[in-house]
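Dear colleague,

Please find below the structure that I am handing over to you. My notes on what was found in it follow.

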Amino acid sequence: MALATIVIGGHALSGFAFAANSPQADNAAAWPASWTAYTLAGGGAIADPDSDVNPANVDIASNGGAAQSVFAATDGTSVFFRLRLRGNPVDAGKGGFDNAFWLVHVASASDGVVRAVAGLNGKLVSTDFVYVSNTPGSAVTEVYTTPFDNLGGVDSRGARGLTDGSGQHFVDFQVPIAQLVAVSGGGLSSSTPVKFFFGSSSANNLATINKDFMAGTAVSFDGLAVWTLAGGPAPDPTPTPTPSEDPSPEPSEDPTPTPSDDPTPTPSEDPTPEPSADPTP
Ligand SMILES: [Ca+2]
Ligand SMILES: [Ca+2]
């Protein structure tokens, strides 16, 4: 890339200022060789319907219900997210990506409370960026900004769009785990059991999903798989009791409780009252 193309705000940059595309001096990692489907807790697929929202590149898709919609991966330093979309998110004429954003809410698995957000903001018309945010969206850290490159010793190539090979598209983005941990304000560590909720949006607030939800019509962490940011899929920290531990539990109380009162109460009055008068005068 020619130096003359690196122009931000009318000021040509030079030398170490190439790192302007990586404002926190983070290095984007190599994309994972394989992705892991992000699923329901039991391994069930998450396959969002095609064509339930428009435009097509904010429509989380599943090749007609046949394909998994969302994926993740980790290398222990960066965490990677992938969404399958019906339309192409890439638009070189709009800062790299079309004018919307794609994001993941990261919640503590133990309580389902969102602790941090990672996303790719394509809303801008000339410079898009990968970001992390706190939960209310009031503190957004730009991690990698377009035009992505690996010049000046810093790799900013933290998002991409590509075909899924079946007529739909993937949008991929990655963030350093340390940035997610930092923006969570102590709510997350690299080993905290977490759950993810993927979405797309055109909201003003970069922590808000208002277009497509990976499942349903609202953010919910019920029944989702547990991961850790550094380790990938993880055991659920709050398991429900395992039936195999005690297949036929003894009832703790008598299943036929003794009535506290006499079930056949004695009539308080004689049911066959004596005639008050002599029937045979
Ligand atoms: Ca959809
Ligand atoms: Ca854009």
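Strand β13 (residues 169-176) is mostly covered, with seven of its eight residues buried. Strands here are DSSP runs of E of at least two residues, numbered from the N terminus; a residue is buried if 20 or more other C-beta atoms, placed from the backbone, lie within 10 Å of its own. Please note that this is a predicted model, in which local features need pLDDT of at least 70, side-chain atom pairs count only at pLDDT 80 or more, and totals for chains, interfaces and linings use all residues. Residues are numbered from 1 along each chain as its sequence is written, and chains are lettered from A and ligands numbered from 1 in the order in which they are written.

Strand β13 pairs (DSSP finds at least two bridges between the strands) with strand β5 (residues 78-85) in the antiparallel sense over eight bridges. Ser-78 stands opposite Pro-176 in β13. Strand β12 (residues 159-163) also runs antiparallel to β13, joined by five bridges, and Leu-162 stands opposite Phe-170. In the hairpin of β12 and β13, Gly-165 takes a positive phi near 85 degrees.

Arg-115 lies in strand β9 (residues 114-121) and counts as buried because it has 21 C-beta neighbours inside 10 Å.

Yours sincerely

Definitions and conventions: Buried ≥ 20, exposed ≤ 12 C-beta atoms within 10 Å, placed from the backbone. Helix = DSSP H or I, 4+ residues; strand = E, 2+ residues; numbered from the N terminus.
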